[in-house]
Amino acid sequence: MRMYDLIMKKRNGGSLSGEEIRFMVQGYTKGEIPDYQMSAMMMAIYFRGMSEAETLALTMEMAHSGDLLDLSEIKGVKADKHSTGGVGDKTSLALIPLVCSCGAVIAKMSGRGLGHTGGTIDKLESFDGFQTAMTTERFIRQIHEIGMAIVGQTADLAPADKKLYALRDVTATVDQMSLIASSIMSKKLAAGADAIVLDVKTGSGAFMKQEEDAFALAREMVRIGNGAGRRTIAVISDMDQPLGRAVGNVLEVKEAIDTLRGKGPEDFTALCITLGTYMLLACGIAKEEQEAQALLQDAIASGRALEKLAEFIEAQGGSREQVYDPSLLKTASITEPVYAEKDGYITHIKCDEIGICSLLLGGGRETKESEIDLSVGLVLEKKKGDYVQKGDVLATIHANDRAKFEAARARFLGAYTFSAEQPEKEPLIKGIVRE
Ligand code: URA
């Protein structure tokens, strides 16, 4: 079999067989197929798509490219959560300790930033000393000890997705439904959880811009998860503007900490409670939605959720002091407001453009090797539906470089649309997919 022939087959609109997908995934994981051929294949898939059977085969091959964790020795239902990616999406940072402090057991494998979206692993590295690489034994031991672990992609778990994810990030091949479904579900299947809650984003900051595409992606992932014997549910949520107010690694960590203190933005807090409710139901910790919500709210009010975050950060080598005193986290040298240039209601925010502002500041990667600047980003003061007057502060930009600040500022101003008419409020949760 030759990779050249497979690229041509897909480029011409053909379907790859299970055997061909195995050849491609195994060859790429071992380094026998070079990045340039895999990039061409990703672009061919981007334009030609994949059938359900091809997507399932790609998922299974990637899940089996490393170890498949067996968590059966840990008592109870093990849960996992994954987002399809968004701007300001710091959900896992708050949600995972929150549900864990209510008794859920969480085994989670997370990714790094992808395209204009951020990644949980980069955000967690905002804590000095935090380690996301760990052996399978240590992953399982930590779950036994504190009830949760979040691991980055390692050579042990879904290594094929790790390589492909980094390649897609820099070759403009992220926002393809089958590639997203197989990337996410291969990690979820490899990490071994029994219950999986998926947060599928839709809107201008999501990979799936159209709601019907987000529902289709959700159905595809739920089918793969349930088919593999994992209880899987997807929540479709709004990403037509950044989630919460902070965009950028350290800034998002601070907002997640505020949320666990009960002082987070309304939309972000509501999303954590919704996803947390489904996780507690899936784990059998609560029988009804109201009961789950009361448990989650009590975990925040009592400080148990914040303490679980501190315990988790410490267990993975990070600084618990930074959880209780986030002013100890890295800060940027330039912190300046951006002012509105006209009056009116904010009717639209090009959410992906806000993600790109953070990339321009150095908060994301341009090539696979790029180092990211954790301290930079934006904090939005005004969001959709707010009325502003010329001269009001729209956002604060955190930067370490004047030229990058100016580039981000110009881009930011182009992302907002104003009108004399107040826009209708969009619901945060668009729907639930269970099968
Ligand atoms: N998150 C992932 O893990 N993979 C994707 O392809 C997109 C979002």
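Which element gives the largest share of the shell around the ligand? I looked this up first, bearing in mind that the model is predicted. The answer is α9, with four residues.

**Entry: the shell**

I listed the residues around the ligand: His82, Ser83, Thr84, Leu114, Tyr165, Arg168, Ile180, Ser183, Ile184 and Lys187. By type, I find four nonpolar, four polar and two charged residues in this shell.

**Entry: polar atoms**

I then checked the side chains with N or O atoms beside the ligand. Serine 183 has a side-chain N or O atom 2.6 Å from a nitrogen atom of the ligand. For arginine 168, the distance from a side-chain N or O atom to an oxygen atom of the ligand is 2.8 Å. Histidine 82 has a polar side-chain atom 3.0 Å from a ligand oxygen atom. I also looked up the cover: on its own the ligand has 240 Å² of accessible area, and the protein covers 97% of that.

**Entry: the cavity**

I noted that the ligand takes up the space of the largest cavity. The elements giving two or more residues to the shell are β1 (78–83), α8 (159–169) and α9 (177–191).

**Entry: the largest pocket**

I turned to the largest pocket, which holds about 580 Å³ of space. I count 20 residues in its lining, and Gln241, Asp267, Lys383, Lys384 and Lys425 are the ones nearest the centre. Which helix gives the most to this lining? It is α12 (residues 266–282), with three residues. I sorted the lining of the largest pocket into 10 charged, seven nonpolar and three polar residues.

Notes:
Residues numbered from 1 in each chain as written. Predicted model: local features only at pLDDT ≥ 70, side-chain atom pairs only at ≥ 80, totals over all residues. Heavy atoms only, no water. Near = heavy atom within 4 Å. Polar contact = N/O pair within 3.5 Å; in protein donor to acceptor, adjacent residues only side chain to side chain. Areas by Shrake-Rupley, 256 points an atom, 1.4 Å probe, with all protein chains shown as cover. 1 Å grid on protein atoms, 1.4 Å probe; cavity = no way out; pocket = protein on both sides within 12 Å on 5 of 7 lines; lining within 4 Å. Sits in = over half its atoms within 2 Å of the grid points. Nonpolar A, V, L, I, M, F, W, Y, C, P; charged D, E, K, R; others polar. Points joined across faces, edges and corners; volume = space filled by probe spheres on them.
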